[in-house]
Amino acid sequence: MKTINTTFWALMLGISGLWIAASLPFPQSPNVMAIRRLLVDYSGYLAIAAMSVAMILATRMPWVERRLNGLDKSYRLHKWLGIAALVTAVVHWLSVNAPKWAVSWGLMARPERHGHGGAGADLGTVEAFLRSQRGTAEMLGEWAFYGAVALIAAALITRLPYRLFAATHTLVAIAYLVLVFHALVLIDFDAWTQPVGIVTGLLMAGGVASAMLALTRQIGRRRQVAGRIAGLRQIPSMTITETEIAMDDAWPGHEAGQFAFVTFDEKEGAHPFTIASAWSKDSTSLTIISKALGDYTARLPQTLRIGDDVTVEGPYGRFTFEDGKKRQIWIGAGIGITPFIARLQHLAVQPDGRRIDLIHCVPNIAPEAQARLETDAAAARVDLHLMRDGTDGPLTGARLREILPDWQSASVWFCGPAAFGQALREDLCANGLRPADFHQELFNLR
């Protein structure tokens, strides 16, 4: 989370600092219209910068994932930047329109208009062309703003089905391209030779390239590998489906704890799933475990068939258990047990000498699921602690410290509901755990 915070504020404060440097000196006796011009300018820079970086993050570039320590962290930053773009764009729109409303309501006199240079002005060809497009840029920018606000707001509604979210979110790329045209025309021409203009221009160039990748459906295409469903297993009492996928030779392999985007149905599109199996050269298949948590995952048991073609994109993620600690505590809540299952299988073949406790928090667990988990844990020499809601009660920081008295010497790896993980993190860190020793998979990619 520290990397996400640092990157977010480095962008917002960096653009702010460059804008201030380019805008000095500020008016000594500013009037309403002078303040309005500054606010329009500043909010516009912030909005287009936030949208540009959000577009770049959406491409799932490997170097970005490495820099942010996982695609889950990259998507969280993408979400924050989308919210920042939404807020600053609304401020920009209000700053543009508020004086017009004040004049129409009789709250202020109509300000004197100042031209941007007429036919006789000494302008270069490019600057003259851009000025000739101001009316078009303002009109298109306003409509693109309405579209972007609606689409970003829709993306924040978690109840929207993932398929509709993915389909509508791609349209943000179109709104973004229009807003780039809006910014290109309306940003003061002299600013393009200053640091704020150069940096903004580079961000927009990256954003435009990313938008084109999204619109042509090229994002992640080079990491897509064909597969086929080789096995299916269901545990009805836990609404769980285990799917074994035989992978094409092009699959590069994966580390325990990583995830992939899996497409079972082209109409539905790709959905993210943690890979619940270790990888070895002797095995050319991987396993995913899904739980009926929504309309799509609830339908999988009825729609999947052995022999069906599958597309797998990945692997992604940095939840790979590498932190230099000789003592680890794993916490898998509900379906969050999946990365730990993969790691157990890996350690059964390649022990790493660590002392590990695995706590699995679950409402209930079927006998066959419990037996398999106990077998995997024993093979990996990992101590397993089952905590069933009805019989064992909920896991808290205090309960964890009671169960594992040497917890401060360990790193903690958590996968499960975000709020649950945050509560544990706050409790353990308040009692002495270093924040860097709490690793949490932010698997909610919206």
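This is a predicted model: local features need pLDDT of at least 70, side-chain atom pairs count only at pLDDT 80 or more; totals for chains, interfaces and linings use all residues.
Analyst: Welcome! One definition to begin with: two strands count as paired if DSSP finds at least two bridges between them.

User: Thanks! Which strand does β3 pair with over four bridges, and in which sense?

Analyst: In general, strands of a sheet pair through backbone hydrogen bonds, and the pairing is either parallel or antiparallel. Here strand β3, residues 259–263, is joined to β4 by four bridges in the antiparallel sense. To find a spot to look at, go to Ala260, which stands opposite Phe273 in β4.

User: What is the order of the strands in the whole sheet?

Analyst: Reading across, you meet β4-β3-β6-β1-β2-β5, an open sheet of six strands with antiparallel pairing. The edges are β4 (271–274) and β5 (285–291); each has a single partner strand, so one side of each lacks a neighbour in the sheet. From one strand to the next, the twist averages 40°.

User: Which strands does helix α10 touch?

Analyst: Helix α10, residues 295–303, packs on the sheet and touches β1, β2, β4 and β5. The direction of α10 makes about 75° with that of β4.

User: How do I read the packing of α6 and α8?

Analyst: Two packed helices are described by the angle between their axes and the distance between those axes. For α6 (residues 134–155) and α8 (residues 172–186), the angle is about 145° and the axes lie 8 Å apart. Their crossing is left-handed.

User: Which residues meet there?

Analyst: From α6, they include Leu140, Phe145 and Leu151; from α8, they include Val178, Phe181 and His182. Sorted by type, the contact has 13 nonpolar, three polar and two charged residues.

Note on methods. Residues are numbered from 1 along each chain as its sequence is written. Side-chain values use heavy atoms; hydrogens and water are left out. Axes are lines fitted to C-alpha atoms, for helices over the stretch in contact, and angles run from 0 to 180 degrees between N-to-C directions. Helices (H or I, at least four residues) and strands (E, at least two) are DSSP runs, numbered from the N terminus. A crossing is left-handed if the near helix is turned anticlockwise from the far one by less than a right angle, and right-handed if clockwise. Contact means heavy atoms within 4.5 Å. Ala, Val, Leu, Ile, Met, Phe, Trp, Tyr, Cys and Pro count as nonpolar, Asp, Glu, Lys and Arg as charged, and the others, Gly among them, as polar.
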